[in-house]
Amino acid sequence: MEPIRNIEEAIKNRFSVTAGRALQDRVLGRVRQADEQSRATLSASQEPVLRRILMRSSNRKWAVAATVIIAVGTGLVSIWHDGGSKAYAFSQTVEAMQGKRSFHIQTYFQQRRHDEFWAEFDKQGNLVRFRQEEDGGPKGPLITIWDNGILHRYYPAPRNLRLYARQPNTEHSIEGLEGIDPETIVQEIDALVKAGQAVLETDPLARYAKLMTLRVTHQQKDLEQVLVVNPITKFVVRVDDYRGRRKGEVTHHGMEVLEYNEAMDPKLFVPDFPQDAVLMDQVTREVGMAQGDKTGKEVAVKVVRQALEAWAQGDNAKAGLLFGGVAPEWFTKSAGLRPVRIVSVGEAQEHREWAPYWVPCQYEVEHDGRRSTITGDLAIRSVGGQPGRWYVSVLSYYMGQGPRRIAE
Amino acid sequence: MFKDKVLKWKFKRGSDDALTLIYEKYFERMLTLAMGLLNDAAAAEDVVQDVFVSFARSRCNFQVRGSLSGYLAASVVNRVRDHKRRLRRQVAAPVEAVERVRESLDPEQAVILSEQARLLAGALAELPEEQREVVLLRLKAGIKFRDIAHMQQTSINTVLSRYRYGLEKLRSTLDGEVEKWNR
């Protein structure tokens, strides 16, 4: 046997495991079964949806584009503009989009404005910072600012909380942003078209239009996408997704690029949240509970129990740490929810929305000498930038499945 | 072969094919990683099955910021850590349990290692846990050192040292093994 001289090469190339066909099939069968069960319990409202659309223009331009969209017919993948003197291929757009440095995007749902994003990238295309404003209810938008690994998020009333946390961006894309990144969108469409899973057509009159319109029909999904491309820059400036046309129940998601590669106002990335918002500080101190030798489910249950016990004992400093670094004033403001007796803390549940674990609990509160019962689920999340630590989110109290007083 | 970005996109939007393609692309890679971390074929199989079952269930909430391979590798590492925690707590757990390689009469049902891979698995098993993780995450999952540092809650310099010491120890162990083998 030859001596193994290059250890790195040996581990990389010669240390590999082969799974027997039956083993592979058996595990795949279980994976598919889990997938089917998961789908069966997924309500229609939770179905993942596309949030796409682009355009770089005013509403007026959008209206013009919309008119063009209606007029879309069938055509060739390669289209002509500038009087037909120069061929356009979708690959030009894929290439052009790689030169992005910043964008300002408005998303739409059912033709109504939804979220607004501002994002800046470095020369390698890595995300440097972004701001997102999304519908936060009648008291104003939910604002997220991420700048080089630090996250500031403002939750408007009734929550009135501001989160200050670390959120490393290991692969230079942030949750939620990938789905509306025009560069990603065109790459995905390009791959699907090349794989024969989508057909790309264009308006035969596109050569005469100021903006080119492309239509993507997906073969395996009830989905049509309409893209608007600037023929000069080759940038995609708008994408509209229409899902469910074959069934006659159309859902629309759209995205419009309002600015592309424009200098951004630095103030956009400075958190200017209301001063009376209660701070959840996960940056300047260690918060939550260390997982240690416990499994995820075990630590979830333990952190809930300890957080409720600390709150019940009036130790708001300790409770604040276990509730994710929330300032003690939150407990003062939420006095009506303070436990006086913990009735039960159930088993942690996995694979639900928003948090890795949810722990059902029931406890008693006292108000004007009368006791009542609070029941519901508390969300357990990992502390950003503090690996292995978990906390109970006070935001659970504002969610549908969160703890509520039982009607007497 | 589809790029991971497209696979993630398709998976999130309900494609059965994407789930199968992801599984076919990564099952053996993750099995190798788990095997290297545990040196126990049965446990590695369980861990990787758990990872993919959990992955399939996550479809409705699926949000992966980084690479798919990095995400799956991190899931394997976390499950392996959970598995080891459970083992540590089992008072009567025999030491051999973490060292055995399951043999099966039916190769179709088995995790199969070449002689060389078996030798490497044995050498890896002798490394301290942190060094083994760094070496395998770097070389088998292609994860960047700074991301490994994040996973191990330590500095990048510590991770680089663990990597260097790990390779040195592997080299000395394997030299001895190869000498024995050649004798």
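Me: What percentage of the 183 residues in chain B is buried?
Reply: This is a predicted model: local features need pLDDT of at least 70, side-chain atom pairs count only at pLDDT 80 or more, and totals for chains, interfaces and linings use all residues. Residues are numbered from 1 along each chain as its sequence is written, while chains are lettered from A and ligands numbered from 1 in the order in which they are written. A residue is buried if 20 or more other C-beta atoms, placed from the backbone, lie within 10 Å of its own, exposed if 12 or fewer, and partly exposed in between. By that count the buried share of chain B is 43%.

Me: In what order do the elements of chain B run from the N terminus on?
Reply: Helices (H or I, at least four residues) and strands (E, at least two) are DSSP runs, numbered from the N terminus. Chain B has eight helices and one strand. The order is α-α-α-α-β-α-α-α-α.

Me: Is Gln153(B) buried or exposed?
Reply: Gln153(B) sits in the loop between α7 (145–151) and α8 (156–182) of chain B. Its phi is positive, near 55 degrees, and it is a residue other than glycine. Most residues other than glycine have a negative phi. Gln153(B) has 12 C-beta neighbours inside 10 Å, so it counts as exposed.

Me: Which class does Asn261(A) fall in, with 14 C-beta neighbours inside 10 Å?
Reply: Asn261(A) is in the loop between β14 (251–260) and β15 (278–281) of chain A. Asn261(A) is not a glycine, yet has a positive phi of about 60 degrees. Because of its 14 C-beta neighbours inside 10 Å, Asn261(A) counts as partly exposed.

Me: What is omega for the peptide bond that joins Ala157(A) and Pro158(A)?
Reply: Pro158(A) lies in the loop between β8 (150–155) and β9 (161–166) of chain A. Most peptide bonds are trans. The bond from Ala157(A) to Pro158(A) is cis, with omega about 10 degrees.

Me: Which residues of α5(B) does α1(A) meet?
Reply: Contact requires C-beta atoms, placed from the backbone, within 7 Å. On the α1(A) side are Ala10(A), Ile11(A) and Arg14(A). Their partners in α5(B) are Gln116(B), Ala117(B) and Leu120(B).

Conventions
Contact = placed C-beta atoms within 7 Å.
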